[in-house]
Amino acid sequence: MADAPEVQTALGDNAARQLANATKTVPQLSTISPRWLVQLLQWLPVESGIYRLNRVINPTQVHVACSQRDESELPKTFVDYDEHPREYFLNAVATILDIHTRISDLYSTPHDQIKEQLRLTIETIKERQESELINNPDYGLLANVDDAQRIPTLTGAPTPDDLDELITKVWKEPAFFLTHPLAIAAFGRECTRRGVPPPTVSLFGSQFLTWRGLPLIPSDKVAVDGGKTKILLLRVGEKRQGVVGLYQPGLAGEQSPGLSVRFMGINRNAIASYLISLYCSLAVLTEDALAVLEDVEVGKYHDYADGQE
């Protein structure tokens with residue numbers, strides 16, 4: 001005997017869902033990172049987009065004396081300046097965002113389409129900004145490390161001895177290490193192998209590994225090539241003669257330091273356009289404010305005896 005068809009006695013889920021409002025998220029962009037480097041730098045306003053870095057030349061020829069209790073003649077001296085100082089010009093990371101007015105008019109509830117398009121584009125521009133601060137061939141960190149401030153690893157993988165050697169290059173008030181997350185993991189493995197797990201510190205509400213009290217700041221903008229990367233060590237701040245960021249103040253449509261958003265109008269195809277520009281650069285005030293550990297291997301692992309973590 002065939003089973004009797006099931007009789008529906010109440011409203012079902014599929015039908016009821018047609019009257020319900022789903023909670024919708026804003027668009028999620030996986031490439032957004034914390035951009036710790038931008039937050040840890042001191043940012044200086046620059047007039048007319050030009051920053052002139054004046055340095056002393058021949059500092060060892062500035063003569064002074066510790067006076068004795070006699071009438072000895074004091075040395076004569078002066079401090080000479082570089083007659084051709086380097087000038088940094090602000091670079092623009094920019095794009096034009098197009099939004100059809102029909103889209104923004106009809107589909108902006110509950111989330112404003114223009115606001116979300118601008119937010120996601122600005123986040124992408126800021127990610128590119130951090131990449132340029134590290135990798136730009138003119139003003140980026142990696143391109144401005146003095147040859148005397150470059151050292152190789154001892155054995156390939158980053159060890160406590162390597163980071164200690166790096167500290168000797170930036171020993172005057174170093175601020176933080178900067179490297180790819182894989183290099184931080186590799187350093188943690190080397191510390192664990194030696195029985196000296198690095199302590200952590202809380203910054204910006206997040207936990208960071210440290211070495212000799214200096215945090216290891218992760219950034220995926222430090223490239224990994226062929227299983228190798230680099231570890232940078234920075235001193236930051238103008239008063240410390242360290243690394244500083246540069247930006248243009250007072251921009252039209254300024255949203256944050258150096259970042260502007262300007263409405264460009266609506267064309268005959270009903271497309272609204274917005275110009276988004278971020279002006280920035282970076283300067284290393286003295287050579288000993290920056291050093292790099294090169295050829296850092298990130299793929300080395302170890303076997304541990306039973307009971308050893």
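Is serine 277 buried or exposed? I looked this up in a predicted model. Serine 277 has 2% relative accessibility, so I put it down as buried, the cut-off being under 20%.

**Around serine 277.** I found serine 277 in strand S16. Leaving out residues up to four places away in sequence, I listed its contacts as Val93, Ala94, Gly258, Leu259, Ser260 and Arg262.

**Cores.** I next looked up the largest nonpolar core and noted 46 residues in it. Leu141, Leu178 and Leu234 have the most contacts inside this core. Strand S16, residues 271–284, gives the most to it, with 8 residues. Apart from this core I noted another one, of 19 residues, including Leu166 and Val296. As background, nonpolar side chains tend to be buried together in soluble globular proteins.

I then took leucine 178 by itself.

**Helix H5.** Which residues of helix H5 are buried? I wrote down Pro160, Asp162, Leu163, Leu166 and Ile167, within a helix that runs over residues 160–169. These residues lie on the same side of H5, because they cover an arc of only 155° around the axis.

**Surface patch.** I found a nonpolar patch on the surface formed by Val56, Val62, Val64, Val79 and Tyr81, with about 470 Å² of accessible area together. Valine 56 belongs to strand S3. Its relative accessibility is 41%, so valine 56 counts as partly exposed.

**Salt bridges.** How many salt bridges does a search of the whole structure find? I noted 18.

I looked up arginine 35 and glutamate 123, whose closest N and O atoms are 2.9 Å apart. Arginine 35 is in the loop between helix H1 and helix H2, and glutamate 123 is in helix H4, so the pair ties together parts 88 residues apart in sequence. Both arginine 35 and glutamate 123 are buried.

For glutamate 87 and arginine 52 I recorded 2.5 Å between the closest N and O atoms of their salt bridge. Glutamate 87 sits in strand S5 and arginine 52 in strand S2. Glutamate 87 is partly exposed at 30%, and arginine 52 is partly exposed at 48%.

Aspartate 288 and arginine 235 also meet in a salt bridge, at 2.8 Å from N to O. This pair links parts of the chain 53 residues apart. Arginine 235 has 2% relative accessibility and counts as buried.

My last entry is a network: salt bridges with shared partners join Arg35, Glu123, Glu127, Glu130, Asp220 and Lys221.

Notes. Residues numbered from 1 in each chain as written. Predicted model: local features only at pLDDT ≥ 70, side-chain atom pairs only at ≥ 80, totals over all residues. Heavy atoms only, no water. Core = buried A, V, L, I, M, F, W, Y, C linked by side-chain atoms within 4.5 Å. Buried < 20%, exposed > 50% of the residue type's maximum accessible area, 1.4 Å probe, protein only. Helix = DSSP H or I, 4+ residues; strand = E, 2+ residues; numbered from the N terminus. Arc of directions from axis to C-beta. Contact = heavy atoms within 4.5 Å. Patch = residues over 30% accessible without salt bridge, like charges linked within 9 Å, V, L, I, M, F, W, Y side chains within 5 Å. Areas by Shrake-Rupley, 256 points an atom, 1.4 Å probe, with all protein chains shown as cover. Salt bridge = Lys/Arg side-chain N within 4 Å of Asp/Glu carboxyl O.
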